[in-house]
Amino acid sequence: ASGETASAAPFGGRWPFYSEACQRDVQELLASSVGLSAYRSNPDFPVGPREGSWAWKVEQQAASLHGVKHAIAVNSGTMALLAALVAARRTERIKPEGEIIVPPYTFSATAAAVIHAGYEPVFADVDRTGRLDASEAAKLVGKRTAAILPVDLFGKLATYDAVAAPKGLGLLDLGVPVIQDACQAVGTRRAGQHLFGMACAWSFNGAKNVPAGEAGAMGTNDEAMAHFARLLVSHGENWNDCWVGLNGRLNELTACVVWHGLQSVVLRNSQRRELSARLSPQLRDLSEIRSVPDSSCGDHALYVWPLVLSMGLDRAAFCKRLRELGLEVGEGYIRPTLDQYQAFQGYRRGPLPVVHDLSDNRLCIFSQVRPPATLEDMDYLAEAIRWALGRGKRPGAKQIGQGKVTDF
């Protein structure tokens, strides 16, 4: 067949998937007579999950995986962000009020956590990869600035140091406390380091690299911050603390799923990078493409695979052609961007040309660059992208995402 009228089947890769060991442990937990909480709101018991519980195991594994001293298991990435911000405020690591600089090209939880912690978000522009631009953030730093909250967007660590920054200015060079939104970057390290601020937040949402429905954790090397975060998410008032807490605990059933996901995330992230390393080089010669992920240095979790088109390309037409092949492709990351949300009107912001250009015109997102896709699938995807840009013949039909997945 010529392939001119053939249509490929959609991406058939099953995600998320759970190992036999995970399913077995979940069944055993459900069949047991124990409760599904590892916490006791009682001053006769320690703050945090019971030693040996699944939530406790999650904390041990998350801390070890990311090279931090403390991990606090919570029920969502949003709660992890809130815990980090409130703990920093409560322990006087940051100003008790004021502004926190955030990128508007992120999920709403980043800015929402800032507001719930008692601060005002300030929106700064991003670089071509969608990550907070340190030079733009610097223009917004003032007397009321309490912290900067960068996002490790799509699994790529933000430009914390000058070496990693395109303009030679890192976020840590600004002299402002940094709290790290690492919700999309579970398992990522740069030069052996994951934590670049005073605390970070991870998400184990159902779409993330460790998919567990709704779950998260906060990481820090600061013992005082860790202690207060535990009080915050587990009714601190019951331990005679002067600060009233709430319930942000991680239940045992979800914790079991998280723990198993953490066992395999290093391998899964490595597999994502291998797939990207096969795909990206096949597209770098195209003038129609501004950028594709570079995972050669090993510091990218590739939560999704972002492609940025060159200026003037018709993104809608490009995506439409790919969908004719049955391929999933997203136009932009989140629309509208946070600065356009009704709930965030009235907060300070700088000029945001790159944010709006990426969102409205240039960024495309692919979800296929992950197991169980194969290297051959990446060759097909590259061929499809080239064709959609007017380069080469239309590829024939192919069912992708049918590779074998190693169980744990």
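User: Is phenylalanine 154 buried or exposed?
Analyst: This is a predicted model, and in it phenylalanine 154 has a relative accessibility of 1%. The cut-off for buried is under 20%, so phenylalanine 154 counts as buried.

User: Where does phenylalanine 154 sit, and what is its phi?
Analyst: Phenylalanine 154 belongs to the loop that runs between strand 4 (145–148) and strand 5. Its phi is positive even though the residue isn't a glycine. The value is near 65°.

User: Histidine 235 has a positive phi too; is that residue buried, partly exposed or exposed?
Analyst: Histidine 235 is in the loop between helix 6 and helix 7, with phi near 55°. Its relative accessible area is 22%. Buried would need under 20% and exposed over 50%, so histidine 235 comes out as partly exposed.

User: How many residues of helix 3 are buried?
Analyst: Helix 3 covers residues 77–90 and reaches 20 Å from its first C-alpha to its last, close to the 20 Å expected at 1.5 Å a residue. The buried residues include Gly77, Met79, Leu82, Val86 and Ala88. Helix 3 is largely enclosed by the rest of the structure, because its buried count is 11 of the 14 residues.

User: How does helix 3 pack on helix 6, parallel, perpendicular or oblique?
Analyst: The axes of helix 3 and helix 6 (residues 223–233) are 9 Å apart, at an angle of about 125°. An angle of 65 to 115 degrees would be roughly perpendicular, and one over 145 roughly antiparallel.

User: What classes of residue make up the contact of helix 3 with helix 6?
Analyst: On the helix 3 side, the residues include Met79, Leu82, Val86 and Arg90, and they meet Met225, Phe228, Ala229, Leu232 and Val233 in helix 6. The crossing is right-handed. By class, the contact has 12 nonpolar, no polar and 1 charged.

User: And which way does helix 7 cross helix 10, left-handed or right-handed?
Analyst: Helix 7 (residues 252–279) and helix 10 (residues 375–388) pack at about 40° with axes 8 Å apart. That makes helix 7 oblique to helix 10. The crossing is right-handed.

User: Which residues of helix 10 make that contact, and how many in the whole contact are charged?
Analyst: Glu274, Leu275, Arg278 and Leu279 of helix 7 touch Leu375, Met378, Asp379, Leu381 and Ala382 of helix 10. The contact holds 6 nonpolar and no polar residues, and the charged ones number 3.

User: How far is methionine 198 from asparagine 221, C-alpha to C-alpha?
Analyst: Methionine 198 is in the loop between strand 5 and strand 6 (199–203). Its contacts include Ala88, Pro177, Asn221 and Met225. Methionine 198 and asparagine 221 are 23 residues apart along the chain, and their C-alpha atoms are separated by 7.2 Å.

User: What is omega for the peptide bond from proline 371 to proline 372?
Analyst: Proline 372 is in the loop between strand 11 (363–366) and helix 10. The bond from proline 371 is cis, with omega near 10°.

User: Which residue is joined to proline 336 by a cis bond?
Analyst: Proline 336 is in the loop between strand 10 (330–331) and helix 9 (353–362). Omega is about 0° for this cis bond, and the partner is arginine 335.

Technical notes
Residues are numbered from 1 along each chain as its sequence is written. This is a predicted model: local features need pLDDT of at least 70, side-chain atom pairs count only at pLDDT 80 or more; totals for chains, interfaces and linings use all residues. Side-chain values use heavy atoms; hydrogens and water are left out. Axes are lines fitted to C-alpha atoms, for helices over the stretch in contact, and angles run from 0 to 180 degrees between N-to-C directions. Helices (H or I, at least four residues) and strands (E, at least two) are DSSP runs, numbered from the N terminus. Angles under 35 degrees count as roughly parallel, over 145 as roughly antiparallel, 65 to 115 as roughly perpendicular and the rest as oblique. A crossing is left-handed if the near helix is turned anticlockwise from the far one by less than a right angle, and right-handed if clockwise. Contact means heavy atoms within 4.5 Å. Ala, Val, Leu, Ile, Met, Phe, Trp, Tyr, Cys and Pro count as nonpolar, Asp, Glu, Lys and Arg as charged, and the others, Gly among them, as polar. The expected span of a helix is 1.5 Å times one less than its number of residues. Buried means under 20% relative accessible area, exposed over 50%, partly exposed in between (1.4 Å probe, protein chains only). Lists of a residue's contacts leave out its neighbours within four places in sequence.
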